[in-house]
Every structure is written in structure tokens, then in C-alpha cells.
Amino acid sequence: MTLAEIAKLANVSVSTVSRVINGKVSKKTKNPTYDLIWEIVQRENYTPNISARNLRNPDTMQDNQMKTFACLLARKATQTDDPFFSNLSRSIDTQAFKQNYIVKHLFSMQDLLTPQGLKSFSDDKVDGLILMGRCEPELLKAAKRYFKYVAYVGLIPLNAKYDQVICSGLHAGIEATNYLLNAGDRSIAYIGETKNEPRYDGYCQALKAAGIEPDLKYVSDITLSLDGGFTGALDLIRRGIDISAVFCANDTTAIGAIKAFQREKIRIPKDISIIGIDDIEMSNYSTPPLTTVHIPIQEMGQTVTRVLIDRIEQKHFLQMEIRLPYYVIERNSVLKIK
């Protein structure tokens, strides 16, 4: 597979493909073509021509072949149903390419549920592994068994001796809930997962700190998705409880909830305020645009890739834990009481 072949499949120029895979397309200008190019790169297992690259860039010449690592999406069955993980994996791909590595395989939890998938996981000859998202103990044991170098990226710190890149879901949940409290809301509902979920824990902690006892009647425990958010919002409406605001555990869920409230003629933010977490691109195009807590997804992917490659190349030996910041993006889905 060459750049020209990728360009033909994507129906774009070779220079466009080159700019995308070399990370020269800014976040603001990304579009469906960008996503299509990376989809083709991953599907076709594209490997850059290192000899040609070295001829163009003598300073980057290397005697060894291009190294590889794998990624494992621990939280979801697939990456395509969650913009957070698809954006994260794309950032990892781009940074790996810049450092003359490729992501040889992207595993999902579903892969490990079949004998063939587990065999592929154990047989894949790569230099390291990035774990993305919440990990169960069994998964951590498997990672330790099959991979010498492992790094983790996500919202929940791991109780494991791996390099970790984290943006705290707990504190992002506290930030989101406090933003609603500071806007004057007191009857705040939660839509999202609750079991071992730090964003829900942050919601509860923020309410308690404000002197409000969390009440399960304000909680809709659903899977994080558009459908989950839609169902969770309808569930709260049917309970007939007085709610002034809703904290959704991620933006995808919040956008689904917005759709449900609008179907029931509940105006946002005049009748009810909504806040999410992630700041995915779609959140800026919802109606109204979604107020959310920005998670630095691109930087998380870049950082964990650098950390893993440094570990593989023995540039550091101490266990690392890197924490990245979050902050509220104010848009139009929260009504502030003056």
C-alpha cells in the first residue's frame, strides 16, 4: 500500500494524504476526508516507506526497521461507537507515525472473547501495548502476560505498575456539577453509568459538598451512547420529578438527552440546563451548542504514545503518571441565574 493507492481509495490528492498522516492538518480543519484516510490506513495496515523517508530527511535515518505497537480498547466492544475513543486512537496513530512507529493492531474487548481473537492478541509480535479506557483485573493480567511494555491512557487511574496518562474523570465530574451549582441549580439529575464510574462519584461528591444529599430518583443509570442519553432523559421525564439541570457523563449521552427533552417540548436551557464531558466536535454543533468539560483527547493520545515509545527505547525507567488538565467550555445549554 502506497500513498498514491490510499489517495485513490479516498479520492483525494497524494499531498492531502501525506499532510493527514504526518499530522499537518489542524484540528479545526478536520473533516470526513480526514476520517476516511485514517480508516483506510488502519484497514490496509499501511506501513510507511522508511527508506524513502530517510532519503528526504537524512537526519531521521535509522538502521533498524520501523517498530510497532498495539492498542487495546478496554472499555468498549468497538471504537466506532464512541467519538472519544476514535479520536484518541487517531491521535495515537498520528503521533506513532511521526516517531517512525506504526500501530500494528487495534484490539477490542470483543477480540478477547473468542479463541481466535485471544490467539491473535497473544501471537501479535509488537514492541508494546497501549491500554485505552477502564480495565478489569483480568485484562491487566493478560496485558502483563503478553506484552513487555505497557502504557495506559484514560480517565481512571490504574492500580497497576504501568506508565499512565490520565485526565481525572472524578474531578471533571466535580467540575461539571459545580458549574451547574454555581449557575443556581439545586435539582441536578445525572445520566450515565454509575458502577465504578468516577464521573458519577464526582457528581455525588460535589452535591454533598454543597449540602445536597444525592438521591437515586435523580439518577438514570444507562450505557453511554446517543440511545442511552435519549432513554435516560425520557426515564427522568416519566418519573415526574422537578429537575432544573442534568449532568451527562459524556457529550454523546448529552446530545441524546437533548433530543429526548426537545421531543417532549422541554426547552434547553430555558426549562432545563445540560452539561456534558469530553468536548467532542459534535458538541459544538448540537442545538443548542453543548456546554461541556473539555478533555484533552488529542494531547492524551500524543503523550501516551511518546511515553510508551520512550519506555520501549529505554529512555526512562521509573514508573510515570502524567495528569493532564480539563476545563469548562461555555456554550448555550446552561442557563445562569443572575
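Author: Helices (H or I, at least four residues) and strands (E, at least two) are DSSP runs, numbered from the N terminus. Just after helix α1, N11 takes a positive phi of about 60°. This is a predicted model: local features need pLDDT of at least 70, side-chain atom pairs count only at pLDDT 80 or more, and totals for chains, interfaces and linings use all residues. Residues are numbered from 1 along each chain as its sequence is written, and side-chain values use heavy atoms, with hydrogens and water left out.

Reader: How many helices and strands are there in the protein chain?

Author: The protein chain has 12 helices and 12 strands.

Reader: Why is S91 called buried?

Author: Its relative accessible area is 6%. Buried means under 20% (exposed is over 50%, partly exposed in between; 1.4 Å probe, protein chains only). So S91 counts as buried. In the chain of 338 residues, buried residues make up 52%.

Reader: Where is S91, and what does S91 touch?

Author: S91 sits in helix α5, residues 83-98. Leaving out residues up to four places away in sequence, S91 touches I297, Q298, G301 and Q302. Contact means heavy atoms within 4.5 Å.

Reader: What makes α5 oblique to α12?

Author: Helix α5 and helix α12 (residues 297-312) pack at an angle of about 45°, with axes 8 Å apart. Axes are lines fitted to C-alpha atoms, for helices over the stretch in contact, and angles run from 0 to 180 degrees between N-to-C directions. Under 35 degrees is roughly parallel, over 145 roughly antiparallel, 65 to 115 roughly perpendicular, and the rest oblique. Therefore α5 is oblique to α12. The residues of this contact divide into seven nonpolar, seven polar and one charged.

Reader: Which residues of α5 meet α12?

Author: F84, N87, L88, S91, I92, Q95 and A96 do. Among their partners in α12 are I297, M300, V304 and R306.

Reader: Why is α8 called oblique to α9?

Author: Helix α8 (residues 169-182) and helix α9 (residues 198-209) pack at about 45°, their axes 7 Å apart. So α8 is oblique to α9. Their contact has seven nonpolar, six polar and two charged residues. From α8, the residues include L170, I174 and L181; from α9, they include Y203 and L207.

Reader: How do you know that the buried residues of α1 line one face of the helix?

Author: The buried residues of α1 (residues 3-10) are I6, A7 and A10. Seen down the axis, they fall within an arc of 100°, so they line one face. The arc is that of the directions from the helix axis to the C-beta atoms.

Technical notes. Nonpolar A, V, L, I, M, F, W, Y, C, P; charged D, E, K, R; others polar.
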